[in-house]
Amino acid sequence: MEFIGKKTGEKKTAHVLDMTEGNPYSLMLRFTMPVLLSQVFQQLYNTADAFIVGRYLGTNALAAVTSSGNLIFLMVSFFMGLGMGGGVVISRYFGAKDEKQVSRSVHTMMAFGLVFGLLLTVIGVAFTPTFLVWMRTDPEVMPEAVAYFRYYFLGALAVVMYNVCCSIMNAVGNSKRPLYYLIFSSLVNIVLDLLFIGGFGWGVWAAAVATVISQAVSVVLCMIYLLREGNIYTVELQKIRFHRDILREVISYGLPSGVQNSVIAFANVIVQSQINSFGRLAMAGYGVHAKIEGFVFLPVNSFNMAATTFVSQNLGARQYGRAKKGARFSILVTVLMAEAIGALYYVLAPQFIGLFDKTPGVIEYGVMQARIVSLFYFLLAFSHSVAAVCRGAGKAFVPMLVMLIVWCGIRIGYIMIVMRLFQEIRYVFWAYPLTWSISSVIYLLYYLFSDWVHGFEKKTA
């Protein structure tokens with residue numbers, strides 16, 4: 001497929017995937033596999049940090065690193081949500097075969113990444129101690145946690161820019177190129193972790209430095225590729241700026257996703273603060289479970305990314321029946337995958353947790369949470385799948401509202417009540433299946449009875 005622009009001339013579309021033609025199921029699978037491998041290597045960044053830190057530096061250092069996930073996600077998630085909006089805008093124009101608007105969207109996204117990446121760096125470095133005190137971090141863990149966070153946020157620009165580059169390439173169906181760069185940078189991260197911590201004997205801060213360096217490597221590789229001339233999504237440095245109309249669209253589609261991500265992250269930070277009150281073993285066990293859950297849920301997340309791109313491209317091309325077919329397929333596959341993964345994790349939880357830390361208390365807490373939540377993964381998958389379809393249809397406000405009410409309001413309210421009544425950590429873990437169940441019922445009703453396929457047309461009107 002080629003696009004011929006009125007002013008920009010002929011552009012290559014090598015490595016892009018037009019999802020408006022061909023078998024929808026095979027197209028989604030073709031898109032998903034590179035994304036899945038990319039997600040696996042992305043997860044290796046922090047998981048490698050946790051694994052190596054736990055092996056060489058002990059439980060306190062492991063607690064400092066593993067407890068960082070929710071706070072980092074809270075800081076980064078809003079900007080990542082806005083980036084999702086940019087991906088939806090690019091996919092929509094790509095599906096409509098509007099080359100000029102694709103280019104303007106790409107350059108707006110690059111400007112967005114530069115500005116907000118720098119902003120996130122300043123905020124993260126300046127307020128790290130405040131955030132950790134607010135989360136009731138164990139005093140024994142605090143010095144190492146502050147060091148890890150501060151060094152991590154010095155590289156926040158690289159984190160944001162990598163996600164922007166991936167959003168651009170994924171929006172046009174090019175899910176393979178980010179995979180290649182991520183594999184290389186993940187290996188760099190692991191080698192640097194082993195060198196800095198295992199070889200030089202440096203502290204937990206060195207794990208963050210290794211992550212920052214490897215993220216910067218991936219951004220450089222992405223930019224070298226995007227700066228090549230001839231592709232429909234080619235970046236030209238002199239054209240990087242905010243286009244007001246495109247920025248409005250990005251905010252319109254991305255702000256709800258950003259708020260949604262922040263809401264989920266905020267709720268998880270509240271949960272983390274309650275977990276922290278049970279001490280460093282609970283912190284480490286909860287954190288290790290979060291790392292493992294991030295891995296085991298990657299196939300579902302990857303398929304959801306494919307669903308968002310598929311729905312967005314096909315609605316941009318006004319192929320409504322095809323968009324519905326892809327949405328149904330995505331929901332079915334992700335629900336079945338999630339439950340199979342959850343059953344496997346339920347059985348093997350002690351072995352998985354023990355890979356990170358052999359301390360009996362850490363394993364006990366991690367296994368307790370895993371066996372409470374894992375058999376309910378099909379509900380989590382359903383909620384995320386319908387939310388992905390909504391984002392692809394330009395209806396990002398719907399998942400934002402559901403997450404705000406259920407995953408934030410109800411979850412936090414439930415935790416505050418049970419902590420007053422019982423003071424047992426297992427009741428905190430039950431907050432997840434409870435809120436997944438409620439959100440799934442709401443999403444099912446919305447998916448079945450709303451006119452979600454005409455989201456773009458209504459916004460335009």
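Visitor: At what angle do the axes of helix α4 and helix α9 cross?

Guide: This is a predicted model, in which local features need pLDDT of at least 70, side-chain atom pairs count only at pLDDT 80 or more, and totals for chains, interfaces and linings use all residues. Residues are numbered from 1 along each chain as its sequence is written, and side-chain values use heavy atoms, with hydrogens and water left out. Helices (H or I, at least four residues) and strands (E, at least two) are DSSP runs numbered from the N terminus. Axes are lines fitted to C-alpha atoms, for helices over the stretch in contact, and angles run from 0 to 180 degrees between N-to-C directions. Here the axes of α4 (residues 99-134) and α9 (residues 244-276) cross at roughly 25° and come within 12 Å.

Visitor: How are α4 and α9 oriented to each other, parallel or antiparallel?

Guide: Angles under 35 degrees count as roughly parallel, over 145 as roughly antiparallel, 65 to 115 as roughly perpendicular and the rest as oblique. The helices α4 and α9 are therefore roughly parallel to each other. Their crossing is right-handed; that is, the near helix is turned clockwise from the far one by less than a right angle.

Visitor: Which residues of α4 and α9 meet?

Guide: Contact means heavy atoms within 4.5 Å. From α4, Q101, R104, S105, T108, M109 and W134 meet D245, I246, L247, V250, F266, V269 and I270 of α9. For classes, Ala, Val, Leu, Ile, Met, Phe, Trp, Tyr, Cys and Pro count as nonpolar, Asp, Glu, Lys and Arg as charged, and the others, Gly among them, as polar. The contact of α4 with α9 has 8 nonpolar, 3 polar and 2 charged residues.

Visitor: At what angle do helix α7 and helix α8 pack?

Guide: Helix α7 (residues 176-199) packs on helix α8 (residues 205-226) at about 155°, and their axes are 8 Å apart. The two are therefore roughly antiparallel to each other, and the crossing of α7 and α8 is right-handed. Residues of this contact include Y181, F184 and V188 of α7 and V209, I213 and V217 of α8. By class, 15 residues are nonpolar, 5 polar and 2 charged.

Visitor: Which residues of α10 and α12 meet?

Guide: V288, H289, I292 and V296 of α10 meet I341, Y345, F352 and I353 of α12. This contact divides into 7 nonpolar, 1 polar and no charged residues. Helix α10 (residues 280-296) and helix α12 (residues 320-354) pack at about 140°, with axes 11 Å apart, which makes α10 oblique to α12.

Visitor: Is N314 buried or exposed?

Guide: Buried means under 20% relative accessible area, exposed over 50%, and partly exposed in between (1.4 Å probe, protein chains only). N314 is buried, at 0%, and lies in helix α11 (residues 298-316). Leaving aside residues up to four places away in sequence, N314 touches M19, T20, Q319, R322 and A323.

Visitor: Where is K97 found?

Guide: K97 is in the loop between α3 (68-95) and α4. K97 counts as partly exposed, at 40% relative accessibility. Its phi is near 60°, a positive value in a residue other than glycine.

Visitor: How many helices and strands has the chain?

Guide: The chain has 18 helices and 2 strands. Of its 461 residues, 60% count as buried.
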